[in-house]
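Today I am opening my notebook to look up salt bridges. I want to know where they sit and what they join.

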Amino acid sequence: MASSMFLAQRRWFRSLPRNLSNARFFSALPSQHPVSVSGPQNNVAPKSNKFEKASSAPSSLKEPELAKFSAIADSWWDSEGPFKPLHKMNPTRLAFLRSTLCRHFRKDPLSARPFEGLRFIDVGCGGGILSEPLARMGATVSGIDAIEKNIKIARLHANLDPTTSTIEYCCTTAEKLVEEQRKFDAVIALEVIEHVADAAEFCKSLSALTAHEGATVVSTINRSMRSYATAIVAAEYLLQWLPKGTHQWSSFLTPEELTMILKRAGVDVKEMAGFVYNPLTGRWSLSDDISVNFIAYGTKEK
Amino acid sequence: MNRIICYNNRIFATKAGSNVYRLRIPWRPFSNDAAPLLSSQKAGNPEKGSEAKQYDIAIVGGGMVGLALACSLASRPLTRHLNVAIIDSNPALGRKLFIKKEDLPDPRVSTITPATISFFKDIGAWQFVEQHRHAYFDKMQVWDYTGLSYAKYNARDADKEVLGCVVENKVLLSSLLSRVQETDLPKKIYPSRLNSMSILPNSSSSEVDSTLSMTALFTHGRLAKLELEDGNSLYAKLVVGADGGKSRVRELAGFRTTGWNYSQNAIICTVEHDVENHCAWQRFLPSGPLALLPIGDKFSNIVWTMSPKESSEFKSITEDNFMKAVNHALDYGYGPHPTPSILGSSDLFSWLKGGISKSANDCFEIPPKVVKLTSERMAFPLSLRHANDYVSKRIALIGDAAHTVHPLAGQGVNLGFGDASTLSSVISEGIAVGTDIGEVSLLKKYEADRKPANVMMMAVLDGFQKAYSVDFGPLNILRAAAFHGAHHISPLKKSIISYASGEMRLPLFA
């Protein structure tokens, strides 16, 4: 049964203190880390970049990244297209969200729509492949993306189902919503942070959007040797799941780095889990192996 | 929350729309019925025929497997609110079936495995079966006409209470129907047949249609449309073909099948003995197996496989002659009684230390004599058929629609119940993570789970059928050796019983 499946997954989640005890991220950070955390020199470049473009909202996004995704936006809902890996991974990401957020908000995991009455935001929603299932699970979902084309596609697709037509899609950035003082019960940014220029600023925005006692969930790819081999060499070059150049290994964050920048932004990471791909079954599953893809759930500190 | 409103006009519009919808159906977790309600309100824009309704799942075929799926959906917390349509022209589905205790047993029976019994208990249908005639058996004797070998299976070899239970199909059907009627599952029975089915490819490129009428959802590939012979039509997110070996859903979906006819017929009937029978008997005869299954009290069910020519002969002979033929076939007919000494008893396997099964010393027994024929004799042609695909977008096949097997081990309907159980669990998993239940990527999980299991069982049964349809000296010895192994080697016996009980998947590789 599905319910027991979710309960069983609990044991996979790596409890954080154990995880932090063997981390060595303080030494690793300043020298190697390409994404600025707090270094003043690093912050200059992206900032000047986004202010140059007067029309666009202040953002921690990288312009070339936007162009890259804009080019393949039409194929968001083609489960065999460029976003196939995301489609395949989607049920696993949602299983993690369902189980952690049901616990966080004390909702009944046996309900078909446990998130009824909660406001969720899907930051970097793309074509809406995460927003739609969240809406089917009862949440009042807002999806934002910096690419106008993605939002159009997400809007069109969501309108085809009465349960998902209630999703509020908007072409904007997390920073812009912070300015508008919007708040959400859960702020979810999956596979997005590796595409932003300033991960620390981005995390601050996520934190600012999270309501009091709300939850923040971030997933990304680890900066490990295995992630280089699997996410870039295998996924982009050998299997050609993803267009070449989708990911830049140097802009990946390790779980320790992510935990720390979230902590500085006021989000206390409570649980972390890994996603592992089984090439024999072609399925993803949750695991305690966070060496490639991982997801972190945190709560807003008071 | 309504800070959203001043944000963007379009968003305001959708938000307001959603609130209207929420007020109308505040508690319904699934919105399907929202669409008909909303669209019927729009004057001047009624659905064609104005009768079309929208469902989450349309089950085509309200037989044992289709109703088991409905019961299973009703028993899971995440699927119990799904709107289900059951399409079947069988008038019995409209009302309660009354089965009188004193009725003679119907010759159409199923041998259900312990795995199926526990599935029935899970879905709450077993209590209804228990109110009617059913016969557990804990022993089984299999032998062949050459007299070289026999095998006796006892439930205690596999540390089980029973090997299976023989139940009349009408009891299984009425139990499932009673159960599904008792549950809160929102369901409607359409007493008709499927005429046509259409599913359009996904499209989201056309203009935004704010009405979300069923026709719009259908043209965008979000719903399947079913048209029935009585003129009704309905829409569903998922169509389940549970409509048997000649499945109309399979045909309309264009799924190809692989299979062959055995040029064998099975004669079935009910017989009476002087004593109660608690053992399942099966003897392999030159033309096919003859099975004698206990069905409760002093009754047994006969499934006798033979050539079509013989079957028409055995159907037309007098009752007395038919009973004589059965008694002869279960005793000295076609060959001698097997004796353990022919292949040198159990010390043949003495090198298997401690591996000798508990029932290895059970002697060969002669089945109880048939004294009366209590039903008509019915003949059915046998075939093997397997659908190359079980699923496609918004379609899934279960039961005989996906696979028809040789009835020789009574596995057919058990495979169907396994399908129903797995499909409902896959749908539940999909709902847990907010998936559209008609999405092919979700349905593929069901196919990936069931296809290997079903193909394996079909191959095993087909192999058995082939092995026994040849009368050739060396092969007979080989068969006898296999029987001996199956009779004496405890781990092998245990895994044969487990496999036949529906608990293990791949007996040879486990």
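**Entry 1: the count.** I began with a search of the whole structure, which is a predicted model. The search turned up 28 salt bridges over all chains. I picked a few to follow up.

**Entry 2: a pair in chain A.** I looked at Arg119(A) and Asp185(A), whose side chains form a salt bridge at 3.3 Å, N to O. Which parts of the chain does this pair link? I found Arg119(A) in strand β2 (residues 119–123) and Asp185(A) in strand β5 (residues 184–190), so distant parts of chain A, 66 residues apart, are linked. Next I checked accessibility. Arg119(A) has 26% relative accessibility and therefore counts as partly exposed. Asp185(A) has 14%, so I noted it as buried, because buried means under 20%.

**Entry 3: a pair across chains.** I turned to Asp161(A) and Arg222(B), which meet in a salt bridge at 4.0 Å, N to O. Asp161(A) lies in the loop between α8 (148–158) and β4 (168–171) of chain A, and Arg222(B) in the loop between α7 (214–219) and β10 (224–228) of chain B, so this pair joins two chains. Are these two residues buried or exposed? Both Asp161(A) and Arg222(B) are buried.

**Entry 4: a pair in chain B.** I then followed Glu168(B) and Arg133(B), with a salt bridge at 3.2 Å, N to O. Glu168(B) is in strand β7 (residues 164–168), while Arg133(B) is in the loop between α5 (126–130) and β4 (134–137), 35 residues apart. I wrote down both Glu168(B) and Arg133(B) as buried.

**Entry 5: a network.** Last, I looked for shared partners. Salt bridges of this kind join Glu132(A), Arg136(A), Asp161(A) and Arg222(B) into one network.

Notes. Residues are numbered from 1 along each chain as its sequence is written. Chains are lettered from A and ligands numbered from 1 in the order in which they are written. This is a predicted model: local features need pLDDT of at least 70, side-chain atom pairs count only at pLDDT 80 or more; totals for chains, interfaces and linings use all residues. Side-chain values use heavy atoms; hydrogens and water are left out. Helices (H or I, at least four residues) and strands (E, at least two) are DSSP runs, numbered from the N terminus. Buried means under 20% relative accessible area, exposed over 50%, partly exposed in between (1.4 Å probe, protein chains only).
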